[in-house]
Amino acid sequence: MNVNERLEAIKNEAQEQITLIKSMHELNDAKAKFLGKKGLFQDVMKLMKDLPNEERPKFGKLTNEAKQVIQSYLDEQRKAIEDAVIKEQLEKETIDVTLPGKAFNMGQTHILTQVTEEIEDLFIGMGYEIMEGPEVEIDEYNFEKLNLPKDHPARDMQDTFYITEDTLLRTHTSPVQVRTMLDKGGKEPIKILCPGKVYRRDDDDATHSHQFMQIEGLVVDEQVSMADLKGTLLAIANKMFGEGRNIRLRPSYFPFTEPSVEVDISCHNCNGKGCNICKGTGWIEVLGAGLVNNNVLEASGYDSTKYQGFAFGIGVERIAMLKYGINDIRQFYTNDIRFIDQFKK
Ligand code: 2NL
C-alpha cells in the first residue's frame with residue numbers, strides 16, 4: 001500500500017467511525033486513535049523513511065491535509081453531539097400545560113364577612129353607599145343623638161365598655177349614621193348601609209357575646225314611608241333566606257324609631273308550617289326596624305316636617321347561625337380552623 005492509499009484509508013476509516021459516535025467520551029477516544037501521539041499516523045510516519053528526499057515535502061503536506069480533514073470530522077461530530085444533548089434536554093423540559101396543577105390550600109373569608117358582604121351586595125344593588133366609622137365613639141353620637149339621654153331606661157340594655165365618662169365602645173353602628181347626617185348638614189337625602197363591630201356589657205354564653213357584628217341601614221328623604229321599609233325588609237328576607245320568604249311586622253320599641261317593629265321572616269326550614277327551628281310558629285325573628293324618630297332627625301340637623309326616614313338593624317351572627325345551623329355564637333370567634341373551613345365557597 002503506498003502512502004496515498006494509506007492516508008485515504010485512514011480518512012475513510014475516520015469518517016466511518018466518527019460519524020457514528022454518540023458521546024463526548026467516545027469522541028475523545030477517536031481523537032486519540034486518529035490524531036494522538038500513538039495514533040494511526042505513527043504507521044504512516046514509518047512509511048516516510050522509505051521515501052526519497054524530494055517526495056517528503058509532498059508527503060508532509062498530504063499528511064497534514066489528512067489530519068485537518070479528520071479534525072474537521074471530529075469538530076462536526078462534536079457539534080452534532082452537543083446539539084443532540086440540547087435537543088434532548090429541551091424535549092425533557094417541555095412543560096405539559098394540560099397536566100392538572102398542584103392543588104394548594106386556599107383560605108376564605110370568615111363566614112361573618114361572607115354574610116356581611118352578601119347583604120352589602122344586595123344594598124349596593126339598590127343604590128346604597130357602604131359607610132364605616134370608629135368603634136371608639138363619644139356618648140353623644142352613640143346615645144344622646146339617638147334619643148337615648150343619660151338615665152334613659154333603654155341605656156341599661158346597651159351598657160358597654162367605657163374609656164372615659166364620654167368615650168366608649170359603640171353599642172351599635174348607629175353613630176356612623178349620625179355622623180353621616182351631621183356631614184350632610186340636614187340638606188341631602190341619605191341611603192347608607194353601615195356594617196361593623198359593636199360591643200355590649202354582657203355575660204358570654206351560647207347566644208350572647210360582648211362583641212358582635214351588626215349591619216344597620218338608614219334612608220332619609222322626603223316622602224319616605226313604612227311601605228318603603230317593608231319592601232326593603234322583604235328584599236333582605238328573600239336574599240338571605242331564599243326566594244319565597246314572607247315577612248311579618250310586630251309592634252316594638254326602640255328609642256330611635258317611631259313606630260318601631262320586630263321583623264319576623266317565614267321559616268326557611270319548614271316554609272311556615274312549624275318546626276323545631278321556628279319553635280312551631282312558622283316565623284323567625286331576625287331584625288328590628290322602624291321609621292326614624294323625629295327627635296333623631298332633628299338632633300342631627302334634619303327638619304322633621306320635611307324629611308322622614310326608615311332604619312333597621314341586623315345582627316350578623318344571628319343571620320349566620322340561622323342560615324347555617326350554628327348553635328353557639330362563640331364558634332365565630334375561636335378561630336378554630338375546623339369551624340372556619342366549613343364555609344369554603
Ligand atoms: C335591632 C334593632 C335597629 C335602628 C336599629 C337606627 C339608626 C338611626 C336612626 C334610627 Cl341613625 N334607627 N337604627 C333602628 C331600628 C332598629 O336595630 O334589633 N338590631 C339588632
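Analyst: This is a predicted model. The chain has 11 helices and nine strands.

User: What makes the chain more spread out than a compact globule?

Analyst: Its radius of gyration is 44 Å. The globule rule gives 20 Å for 345 residues. The value is well over that, so the chain is more spread out than a compact globule. The C-alpha trace spans about 135 × 50 × 40 Å along its principal axes.

User: How many of its residues count as buried?

Analyst: Of the 345 residues, 41% do. The chain exposes about 19,800 Å². Carbon and sulfur atoms supply 51% of that area.

User: How do you know that the side chain of Ser209 makes a polar contact, and which atom does it reach?

Analyst: It reaches the backbone oxygen of Gln211 at 2.6 Å. A polar contact needs N or O atoms within 3.5 Å. The distance of 2.6 Å is within that limit, so the pair counts.

User: What does Ser209 touch, leaving out residues up to four places away in sequence?

Analyst: Ser209 touches Asp202, Asp204, Ile329 and Tyr333. To count as a contact, heavy atoms must lie within 4.5 Å.

User: What are the counts of charged side chains?

Analyst: The chain has 43 positive and 56 negative side chains. The centres of the two sets lie 9 Å apart.

Conventions:
Residues numbered from 1 in each chain as written. Predicted model: local features only at pLDDT ≥ 70, side-chain atom pairs only at ≥ 80, totals over all residues. Heavy atoms only, no water. Helix = DSSP H or I, 4+ residues; strand = E, 2+ residues; numbered from the N terminus. Rg over C-alpha atoms; globule rule 2.2 N^0.38 Å. Buried < 20%, exposed > 50% of the residue type's maximum accessible area, 1.4 Å probe, protein only. Areas by Shrake-Rupley, 256 points an atom, 1.4 Å probe, with all protein chains shown as cover. Lys, Arg positive; Asp, Glu negative; His and termini not counted. Charge placed at Lys NZ, Arg CZ, Asp CG, Glu CD. Polar contact = N/O pair within 3.5 Å; in protein donor to acceptor, adjacent residues only side chain to side chain.
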